[in-house]
Amino acid sequence: MRLRTLTLAAASGAALLAAGVLPADASTAPASQAAPRSAQEGSVSAADLLAKVTSCSQISNGKYKTDDETSATVPVCGKNGAVFWKADMDIDCDGQRTTNCNEDRDPWYQDDTAFHQSDGKPLKAESLPYVVVPSSSSIWNYSGAGIKGGGVVAVIYNNKVEYAVVGDTGPTQIIGEASYATAKAVGIDPDPETGGADSGVTYILFKNSKVSPIESHSAAVTLGDQLAKQFLQSN
């Protein structure tokens, strides 16, 4: 992940919704390779999840910025079995080089991610929905809160739920970033330089969860749906 200094363009959801739908034969691709569909995932609705995160019990020692030039306004909040925050979405294209995630397309591109696939290689931001968490600091230590690499995240935007994994770490004072694939799946412009959403994204991270293998999106959806149901019952 990189420090951003550019103001994000507003999300252009409608066009991306159409672009994000899989072709009819995409279901034949291996689950770990198929791009996420731009559709509701799992059986738990966005409305039901959002109803549980209307108020914040702050667990971070301070608040985060969403970008370098903004003020710190975003707390990390605690719930039974999860932590959450509401922020923007910057686009992370780090990891393995692909058609849309490389030095030519992304001025901040890095060829590695904090957490790796089961074969030891970096993650693929273009095809794997993942979320970036702030590196541990005096503000908040994600690992101390039960959040780990490969943990399940419910990403909610525009009444859509996308299940992702914790895949990368970022600056200690900035929050609100997810992979190219995550953005595309929820209808946000995934362009790493000009895309993203300025606000309106909710991230619910389920404590002590881990998808195995981390690169299997279908495994994230299966586990995420189970954890989302538990989350509704315990909050």
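Are Cys93 and Cys101 buried or exposed? Both Cys93 and Cys101 are buried, where buried stands for under 20% relative accessible area, exposed for over 50% and partly exposed for anything in between (1.4 Å probe, protein chains only). The model is a predicted one, so to speak of local features takes a pLDDT of at least 70 and side-chain atom pairs count only at pLDDT 80 or more, while totals for chains, interfaces and linings use all residues. Residues are numbered from 1 along each chain as its sequence is written, and side-chain values use heavy atoms, with hydrogens and water left out.

Now for the disulfides, meaning pairs of cysteine sulfur atoms within 2.5 Å. The count comes to two. Cys93 is joined to Cys101, S to S 2.0 Å, and with -60° about the S-S bond this link is left-handed. The other bond pairs Cys56 with Cys77, again with sulfur atoms 2.0 Å apart. Its S-S torsion is about -100°, so this disulfide is left-handed. Cys56 sits in the loop between α2 (46-51) and β1 (77-79) and Cys77 in strand β1, so the pair ties together parts that are 21 residues apart in sequence; helices (H or I, at least four residues) and strands (E, at least two) are DSSP runs, numbered from the N terminus. Cys56 is partly exposed because its relative accessibility is 40%, whereas Cys77, at 3%, is buried.

Elsewhere, Asp225 belongs to helix α4 (residues 217-234) and, at 13% relative accessibility, counts as buried. Setting aside neighbours within four places in sequence, Asp225 is in contact (heavy atoms within 4.5 Å) with Gly42, Ser43, Val44 and Tyr163.
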